[in-house]
Amino acid sequence: MSNPKVTKYDKAYLRIAREWGQLSYCKRKKVGAIIVKDRMIISDGYNGTPTGFDNCCEDDNDQTHWYVLHAEANAILKVASSTQSCQDATLYITMSPCRDCSKLIHQAGIKRVVYVEGYKDMAGIDFLHKAGVEVVHIEDLD
């Protein structure tokens, strides 16, 4: 059954986000995000350490450092330092957002989130639904 709200552009932008995520230095999970407004990519991001830190996301026990930024947070922060606005934009992300990133998404004015893989805690998706953000899950990008 196909979702009529899913377009060929949704899948194309998700493929771009997936490719962008491959730039991450994180070993456990590589996540990519693209923010699109009026069919134009206005930002991108992938999970990783803050500027000036070593590009090592995990500790010796293979646990992610607490200070690693998520892909969507990096993309939103990049917009914040530009002349663009996320208002009414769509976020394409390879993994659904966590609780904290969901708050950033809502506050940034993003109105639609399209993702591929579910995060271990789906509370972020629940929050976005409550906030009136359209959420679309696309499992197959082919």
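A disulfide, for today, is a pair of cysteine sulfur atoms within 2.5 Å. Hi everyone, a quick word on what we have here: this is a predicted model, where local features need pLDDT of at least 70 and side-chain atom pairs count only at pLDDT 80 or more, while totals for chains, interfaces and linings use all residues. Residues are numbered from 1 along each chain as its sequence is written, and side-chain values use heavy atoms, with hydrogens and water left out.

So, how many disulfides does the structure hold? There is one: C26 pairs with C57, with the sulfur atoms 2.3 Å apart. The bond ties together distant parts of the chain, since C26 sits in the loop between α1 and β1 and C57 in the loop between β2 and α2 (71-80), 31 residues apart. Helices here are DSSP runs of H or I, at least four residues, and strands are runs of E, at least two, numbered from the N terminus. The torsion about the S-S bond is about -75 degrees, so this disulfide is left-handed.

Is C26 buried or exposed? Buried means under 20% relative accessible area, exposed over 50%, and partly exposed in between, using a 1.4 Å probe and protein chains only. C26 is buried at 2%, and C57 is buried at 1%.

C98 counts as buried, at 9% relative accessibility. For C86, the closest cysteine sulfur is also in C101, 13 Å away and too far for a bond. C86 is buried as well, at 4%.
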